[in-house]
Amino acid sequence: MKKQLGIFTAMTALTATLCGCGADTAAAAGAEQNTETAQDRLQIVTTIYPEYDWVMNVLGDHAANAGVTMLLDNGVDLHSYQPSAQDIVTISSCDVFVYVGGESDSWVKDTLAEANNADMVVIDLMDVLGDSVKEEEIIEGMQAEEEDGDEGEEGPEYDEHVWLSLKNAQVIVTGIADAM
C-alpha cells in the first residue's frame, strides 16, 4: 500500500510539474507573439484625452492595428506636466506623436531632439491650426502673469486650449487623418 501511495504521489508531482512547464511555455509563446504583434503595429502617442479620442475615431475599425498611448493621466495638469523617463522612451520610439504645442509643451522640443525614430510624424495642434489660433486674452477676474522688465517684448501668447472649439476640432481631426 505504501509503495502504491509513493508511486501515486510521484506521478501527481510529475504531472503537475509537466503541466506547469507547458503552461509557462505556452504563456511565453503567447507573450512573444503579442510582442511581435505590438512591434508591427503603428505606435501613436498623444498628450491629452481630446487628441487620444480624435486619433481613435480617425482609426475607426483599424484601431486594433495601432497602439495608442495617452501620456497624461486623469487629474494631471497639462500646464505643469513634465514627462517621466518612461514617457520620453515611449515618445522616442513612436511612429506618430500628437501634442498641443505652445508654451506648456516647451519640453517637447528637447524630447524630440533625442528621439530614436527619424521617420516619426509629429503633429503640433497649434501648427495645424496656423493663423486661426487666437491670442490669449486677460479678462476681468483673471490674473495676468508678471513679466520681468529685463527680457523685453517676446510677442503674443496664444491660447493653448485649442481643443475646446468645434471649428478647431474639425480642422485638427482632418490634419490628424491626413498625417496618418
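Helices (H or I, at least four residues) and strands (E, at least two) are DSSP runs, numbered from the N terminus.

This is a predicted model, in which local features need pLDDT of at least 70 and side-chain atom pairs count only at pLDDT 80 or more, while totals for chains, interfaces and linings use all residues. Residues are numbered from 1 along each chain as its sequence is written, and side-chain values use heavy atoms, with hydrogens and water left out.

View 1. Start here to get your bearings: along the sequence, the pattern is α-β-α-β-α-β-α-β-α-α. Of the 180 residues in the chain, 26% are buried (under 20% relative accessible area, with exposed over 50% and partly exposed in between; 1.4 Å probe, protein chains only). Among contacts (heavy atoms within 4.5 Å) with a separation of 6 or more, 69% join residues 24 or more positions apart. The chain exposes about 12500 Å², and carbon and sulfur atoms supply 52% of that area, as computed by the Shrake-Rupley method with a 1.4 Å probe.

**View 2. The open sheet of four strands, in the order β2-β1-β3-β4.** The pairing is parallel; two strands pair if DSSP finds at least two bridges between them. From one strand to the next, the twist averages 15°, an angle on a scale from 0 to 180 degrees between N-to-C directions of axes, which are lines fitted to C-alpha atoms (for helices, over the stretch in contact). Look between β3 and β4 for four bridges in the parallel sense; here Phe97 stands opposite Val122 in β4.

**View 3. Helix α2 packed on the sheet.** α2 touches β1, β2 and β3, and its direction makes about 165° with that of β2. Its buried residues are Glu51, Trp54, Val55 and Leu59. They lie on the same side of α2, because they cover an arc of only 135° around the axis, taken from the directions from the helix axis to the C-beta atoms. Their cover includes β1, β2 (66-70), β3 (96-99), α5 (125-129) and α6 (166-179). After α2 comes Gly60, with a positive phi near 55°.

**View 4. Thr47, in the loop between β1 (42-46) and α2 (49-59).** Thr47 is buried, with a relative accessible area of 0%. Leaving aside residues up to four places away in sequence, Thr47 touches Met70, Leu71, Leu72, Phe97, Val98, Tyr99, Val100 and Trp107.
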